Every structure is written in C-alpha cells, then in structure tokens.
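Subject: Structure handover

Hello,

Here is the structure we talked about. Please keep it open while you read the notes below.

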Amino acid sequence: MVRLKKAHKYFIRRTILFVIIMLIALFINFTIPRFAPGNPIGTVIAMIERQGSRFENIQEVIDTYETMFGLKGSIPEQFVRYLSEISKGNLGYSIRYFPVRVSTLLGRALPFSIFLLGVSTAISWALGTVIGLFAGWKSESRLSKTFSYVALILNVVPYYMLALVLIFLLAYVMAIFPFGGAYAGTLKMDWTSIEFIKSLLYHSFLPSLSIVITSLGWWFLSIRSLIVDLKGEDFILLAEAKGLKESRIMWKHAFRNALLPQLTMLALSLGGVVNGSLLTEMIFSYPGLGLLLFESIATADYTVIQGITLIITLSVGFATFIIDALYPLVDPRITYEER
Amino acid sequence: MVHAGRGIREIFRSREFTAGFIIFVFLVMFSVIGSALIGYPPMATVGPPNLSPNNKYLFGTDSFGRDVFSQILHGIQLSLMVAILVSAIDTFFGSSVGFVAGYYGGLVDTALSVIVDVMLVIPLLPAIVLITVSVRKVELFLMAMILGLFGWAAPARQVRSQTLSLKEREFISMAKLSGATRSEILFIEIVPHMLQWMSAHYLYDMLWAVLTEASVEVLGLGPQTTMTLGMMLYWVIRKAAIFRNLWWWWTTPIITMICLFVSLYLMHRGLDRIVNPRLRGRR
Amino acid sequence: MAEALLDVNGLTTYYLARDAPVKAVEDVSLKISSNEIFGIVGESGCGKSTLAASLLRLLKPPGEIISGRIIFDGVDILELPLKDLRELRWSSISYIPQGAMNSLDPVMKIGDQIEEVIKVHKGKVPKSDVKKRIEELLRSVGLDPVVVNSHPHELSGGMKQRAIIAMAIALSPKLILADEPTTALDVVVQRGILQLLFHIKEQLNTSIIQITHDMAAQAEICDNLAVMYAGKIVEMGDIRKLYNDPLHPYSQALISSIPSLTEEKKLKGLSGFPPSLKYPPPGCRFHPRCPQFVPGICDKKAPPTIDAKGRKVACYLYK
C-alpha cells in the first residue's frame, strides 16, 4: 500500500512536468516562424492572382486569410487559438499547396515514415542485440574484438552518408535496387495489391538497409558491454555451479538481465533515430516526413515545417515520457525515489 | 602543474586517444599546409566543371567549376572552427548552469531543470530547420550560435547530477568540518573534478557539433557564401553527382568527414576512459 | 574407516600471468568423509576460495588447475567430461559462493531459481510435485514459502542466504561447499545460519566444507579443520584437538587471537603481512613471520606434511 502511494506521486509529478515542457516546446515551435521575414498571406494572394483571379475587396480577402492562417490578434491570443486548433486536429494550410491542409500532407507522408523507421529500427535492434550478446559472451575472441572496432567506426557514420554510398554501389553500379521513391510510378497506392506491397518492399530496401547498418553498431556495442559486465557477476558463477549449460546461462540469465537496459536504450534513442531517418528519406526521395520537410524548406512553406516539427516533438516527447513513467514499474529493482 | 604533465602522458597511453589524435592532427596539417601551398579560393570558378582529378586540380572540379581540393581543405578548417566555438559555448554555459542547479538546489534547481528538460525534448533537426529557415540568410557564425543554443542542455544535465553526487560525497563533508568556506570547497574540491569531466565532454560536443552541422547543411540550410563539407554534399545531391559518376566530388567530402568524426570519437572515448575510472578496468 | 567421500590429492592451482603465475593453491591434500563438517580457515587471500572453486572446476581464466587429483565418490572430477561434470554439479556437490547475497539472479523469482535446478537435473517432474518440494525446502531453512514469488531485492541478507541454502540442498547433494556463508551477516543471523548448516548435516546426511576466516564460526559446527596459509595447508585434524593444542606456529597465533569470554587472555597478533603468492618465500611460506623460525632449515625446502599427535602438520618443528 505504501508503495502505491509513492508510485502515484511520482507519476503525477512526471505528468505535470511533461505537460509544462510540452507547452513550452509548442510555444517555441509556434513563435519562431512568426519572426521570419516574408509574408505568407502575400505569397498566397500573389499565387492566386497569378492564376488569373482578381480581388474586389482586397482588405476583406486579407482578413479572411489572416484568420485562416491564425495571424489575427496578439501573439498570446494567437497561441491560445493555435492550441485549440491543434486539439481539433487543424494544423492550418500549406502555403505552397494552398488550399491543401497541412494535416493532409502529413497524413500522406506519415505512414511511409513510420513503416521505414519502424521496420528498420526493429530489425537493427534485434540483429544488433543478438550479435552483441554473443560478442559480449565470448568477449575474448578475436571476432568479437574485430566486430567491436567495426561497430565503433559505424557508430559515427551518419545514416545519410552510408545511404549515398549504398546508392552508388547497389543502385548505380550494380543496378539491383531503385534510386528512390516508395513504389513504382506505374502502380496505384493500393494496400491490398500484392504488386504494390512487393514494389513497396523493393523500394524500401536501400533506405532501410542504410539505417539498419549504421544503427546496428550502437545496439551491438551497448549490449556487448552490458554482457561483459554481467559475465563477472556472482549469480552467473552460481548458474555455472548449478550445472547449467552455457547456452542456458547466456540466454536465461545474462541476456534477461541485459534486456531491460537494452530496451530502455531503444526507447530513449528514438529522437536520434528520427533525425537520422529524415535525412535518409530525403536522399532516397522516399515520400515520408523527411522528403516533405526538405521540400517545404526549399519552398519556405512555414506551416508545413511547423506541422512536422509539431508532430515530431509531440511523439518523441510523449514516447520518452511514457518510458520514463513506466520504467520503474517494469524493473523490479527500481523504487520510486526522487531521481 | 606537475599534475598536468603526468596527466598528459597518461592520456597518450590510451591507444584510442592516440589513434584519434594522429588522424586529427593529420587532418589539421593537411588542411593548413594544403591551403598554404595550393590556395584556390574555394568558392571561385577556376576552371571547367566536372573535371576528374588531374595535375592542376588535385581532386578535380565540381559542377560549378570550383576546385574540390580547396573546398575540402577549407571545409575542414570551417568545420573545426564551428566545432570549437560551439563546444566552448555549450560546455562552459551548460556546465555552469548544471553546476548552479546542482549546488544550490531548491527553487533554482527546479526552474533550471525545467528549462533544461524543455531544451532536451525539442527535437533537434526540425527545430534547427525551423530557425534557419526563418532566418533565411545563414552565416557560419550564426550557425554556430544556433548549434550552441541546442547543445548546452546535455552537459547541463550531466554536470548537475555529477554535482549532486559530489555534494554527498564524504570529502565535502570533511572539508566543511574542517572549516573551509563555501567558495574554498568549490574551488579546491569540486572544480578539479568538473574540469576533468569537461575536457572529455568538450570533445564529445565537438563531435556532436560537426555531425549536427553536417546534417543541417546537407538539407541545404548551410551558409551560401562559404563552402563547408556539408554543403558540398548538399550540392552533390542537388546535382546528382553520384549518377553522373563524378566520384571525386562525392567521395572526398564523405571520406574527410568520416575521418573527422572517427578521430573526434576516438579521442573522446580515450579521454572518457581515463576520466571515468569506472570504465577503466573493462576491455 | 569408511572410504572418503572426497579425496583431494596434491591439488595445485595457479593464476597465470605474463610475468609469473600467482601460486594460489600449492600441493593441497585433504580427505573428507560423509556426514562430516570440514572447515578450512585462513586469512583473506590465502587461497581458500580458489581451492573451493577448483573442486568444482569453476575457475575463471587466468585460473588453471596445474596438477592433482580430486576423487569424489570414486570418480576423479578433473578427468570428467563436461557433460558429466555438469551433471555432478549441484546434484552431487552444491556450492554456496562468497558474497552469496549477490548470487541470486536479480530478475528471477526465488521460486523459479530453485525450480531451475530441479528442472535441469531431474527433467520432467510434475508441476505440483515441484511446487511442493520448493515449499518444503523453503520451510526447512526457516523461510515462509510465500517468498517463492519474491525477487531477491525484496529479501533481507539473512533471508537471501537461507534461500541460497534452500537451493543448495534441493537435490540432496552429498557435499556442500560453503564459502564464507556467514560473513557480512550480523551476529545473531550468523548463529541461525550456522545452526541451519549443522542441522542439514545431521538430518540430510550431507557433508559440508565451510570456508571462512572466522575462527569462531568454525568452532561452532566443524568436526575437522584445515588451516591454510599462503596457498598451503599447514595443519589439519580434529577441531577440538587443534584448538586445545595447536601445533603449527601459525595455528597457534590464530587460536591465541580468539578473544575469550571466560578467561583473561592477552590477544597476540602476528606481525608482518601475508606474502605475495607470485613470489612466495622459499622453503616454508610462513617462515618470515614465524616466531620459531630456524634459519637454514625453514627457508630452504618446503616442509613435508607429517602425522603428529593424531593430526597432519607441515612444520620442521615436528618429526
């Protein structure tokens, strides 16, 4: 009973902190583009005029657009309206593709990003963890040491660099894989068609590969050092004294103890993974958030950039918060003391 | 001072650090001596575009007719300058904030911690993108400032927890018992620890700065008036250099950057092992 | 005299190093019969833990058994193929390592850890039988069976120790190696553990080797005692005889260092420090600290182990 109370206090404290932090982050996200030079309204009007329309009452038009883009009133007023609009799911309109809504653009790009990111990270983590487990367990072997050196180097190579090299090798020189895109241009986006799925996987292979290879090293190194440390622990010695087979000791005792920190590391590195994959998408013209970001930068489409930043901030922040809050529950050793 | 001499010798005993250091020095020498000898202005159109390496242009020319070799040399210097500047800001400012938060505790600590947590939550790339886009004209110095703005939170947090744990340690209580004043404790006991840690972190920050700067530039948000390594990659992508088989243009910045990253990383790890005795026994 | 349960003959274990090996255990021989508690006593670093680990071949590199024979129940442990060794471990000889508190897997429940030994050694046993057996074991060591579902960090030091003992007797082994079973526990808990060990010997007909530096703990329950110094056994025999009349100068120093509640005793310590096991002193390893050192004899060759007054001693003072 006493334990539950402490847990509640901890959880509430984390939640309050999270909300405050999110609000501040959102405010910053919101304010910055407003200091940007240039006039989004002017751009939109110019675009429409270029298409041949004429405006009778220009002031009325400007007013309407200002309301649409949420530019009326003082900054605090705008922020409050901004927050309420966001909670309704209205992220505004793209400046470049007006009147397409930002949420539409994001909605189109998000599934691709999640697919690429999710699959690549899962593969990379699983592969890196298993290889690292063996490397850590047999840490004296030369193979293990060689792998470590390679992993160390890979660790610092950014995803996009490897992406460029892979494009060169596999797409240009060997022409096995396509240069970019998410699926063949001739196909329609149809999640039920086998052709489409095949094409999707084929096109995702290279971007996925570059993410997997470069992030592999990180998982490998972290579990390797965990296992090396664990190997010397008393309970591993006792497991051996119990007459257990080596594979059983490695999996059921060493691995299980290393799993939790390794999973936490996965959860906490979400931010970095997201950053890296954005650039990879850009290089492969993969229609996820990364490419959208790149294009919006080139066309100065502030609202879209803001929308992307918002989504990433919210999701990464939320994920980190969940992990922070739930971790004590999962690890039987941690108590709810102040960190 | 005797400490420093002994310390330097010990640092070089670390194989990792020495390896990184050698690569680093090589890059610096290469860049400095190279630009003294060759010295084409990196941004100037000096010859016909898309030339493969030859006697006149050691690394060939890019699609604008600029000398790739000079761009590399110049780019190394720029990256390092930005890295040093950013790390200086981050490490000093961050450490000070972290230290104040940890040492004085209470309301000061809570307030500062909230700010630090906010900075940590904001996703790096989109935010930097947002700022640089809003500012439109990005110069290198501005880039360094922005990077510095985002990088100080991590050291702040670390220093804070280090300070907190140091506060509890026995030798502080001993000092207090022996009648030392607050500032005496500060300078004699805590600061040397901090300095050690800060120097290891400085290298890590440099690495972070170079990596982040490159990422931002590859997106096209870098300075337009000087050519940095990251911007080279940006133009490589824009001009589809890979598909036009302009290998000298895209391999050279990648190799240079990897050398830079690896050298900084090795040096950091080497120092980290020494500063963090917990890690020393392991292999 | 019944045949020995454990017969160690000339066991030598070194830790190999680049310059010179650490000679942790040098030519150690001892015999243990069934239903006996055998103590091994000595200062920290005298090689007793290495000896224990060697018995079950649990040495980690760079430790290596150089020579000797360990005959258990007629079988030489050192010659056993791995598969048979693993079978022997825990079912015939179990081990309570030093720092037993950390020997429990932090992420596994106590019940599961005990179940593991049963499952691995006895194969398919019906779940209800296993459950009953575990509860029985826990009760026999004085623990409430509800700890079956607890994790190690939820238990106190004494409780963890008992849990490990419960695990150690789970397969009714013939021999238990207990390395410092009561160190790091408070005195009251210590007594309880010692009594438990004694009870186990009596009821389960299990022999126990108790390794500790605590002379008082040995006195409580041991039948025979071996005194170890710098990797060698200097005296060995019936514990009562040893305590009342220690032969080897080192044993004498140890005995005289035990405070007594009944008589006024001057506590005498030993001067000097235990020697380096890398470059041990020539001849008798104790001679630099021995109050009865005879130059020319004690520093030449290591003294042989001989029988004297019903015990074994390795000292030139005796013939």
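What pattern does chain B follow, read along the sequence? The answer is α-α-α-α-α-α-α-α-α-α-α-α. Chain B has 12 helices and 0 strands; helices (H or I, at least four residues) and strands (E, at least two) are DSSP runs, numbered from the N terminus.

Some ground rules. This is a predicted model, where local features need pLDDT of at least 70 and side-chain atom pairs count only at pLDDT 80 or more, while totals for chains, interfaces and linings use all residues. Residues are numbered from 1 along each chain as its sequence is written, chains are lettered from A and ligands numbered from 1 in the order in which they are written, and side-chain values use heavy atoms, with hydrogens and water left out.

Chain B

Of its 283 residues, 51% count as buried. Buried means under 20% relative accessible area, exposed over 50%, and partly exposed in between (1.4 Å probe, protein chains only). Take contacts in chain B between residues at least 6 apart in sequence: 70% of them join residues at least 24 apart. Contact means heavy atoms within 4.5 Å.

One residue to look at is B:Ser263, in helix 11 (residues 247-275) of chain B. B:Ser263 is buried, at 0% relative accessibility. Setting aside neighbours within four places in sequence, B:Ser263 touches B:Gly20, B:Ile23 and B:Phe24.

Interfaces with chain A

Chain B first. The contact takes 40 residues from chain B and 48 residues from chain A. The buried area is about 4,100 Å², and carbon and sulfur atoms give 80% of it. Buried area here is the accessible area (1.4 Å probe) that two parts lose on being put together, summed over both. The salt bridge count between chain B and chain A is 0. A salt bridge is a side-chain nitrogen of Lys or Arg within 4 Å of a carboxyl oxygen of Asp or Glu.

Now chain C. Here 25 residues of chain C are in contact with 17 residues of chain A. C:Arg86, C:Val107 and C:Glu116 supply 25% of the area that chain C buries against chain A, more than any other three residues. About 2,100 Å² is buried between the two chains, with 60% from carbon and sulfur atoms. There are 4 salt bridges between chain C and chain A.

Salt bridges

The whole structure has 24 salt bridges over all chains. C:Arg89 forms one with A:Glu240, the closest N and O atoms being 3.9 Å apart. That pair crosses between chains, from helix 2 of chain C to helix 9 of chain A. C:Arg89 is buried, at 3% relative accessible area.

Within chain C, C:Arg289 and C:Glu43 meet at 3.6 Å, N to O. They are 246 residues apart, and the pair links distant parts of the chain. C:Arg289 is buried at 9%; C:Glu43 is partly exposed at 22%.

C:Glu180 pairs with C:Lys48, with the closest N and O atoms 3.8 Å apart. C:Glu180 lies in the loop between strand 7 (175-179) and helix 6 (187-204) of chain C and C:Lys48 in helix 1, so the pair ties together parts that are 132 residues apart in sequence. Both C:Glu180 and C:Lys48 are buried. C:Glu235, C:Asp245, C:Lys309 and C:Arg311 are linked in a salt-bridge network.

The second largest pocket

This pocket holds about 1,300 Å³ of space. Of the 40 residues that line it, the closest to its centre are A:Lys231, A:Glu240, C:Leu59, C:Lys60 and C:Pro61. On a 1 Å grid over the protein atoms alone, a pocket is an open set of points where a 1.4 Å probe fits, with protein on both sides within 12 Å along at least five of seven lines; lining residues have an atom within 4 Å of a point. Grid points are joined across faces, edges and corners, and a volume is the space filled by probe spheres set on the points.

Backbone points in chain C

The peptide bond from C:Pro61 to C:Pro62 is cis, with omega near 15°. C:Pro62 lies in the loop between helix 1 and strand 4. C:Ser172 is not a glycine, yet has a positive phi of about 50°. C:Ser172 is partly exposed, at 46%.

Best wishes
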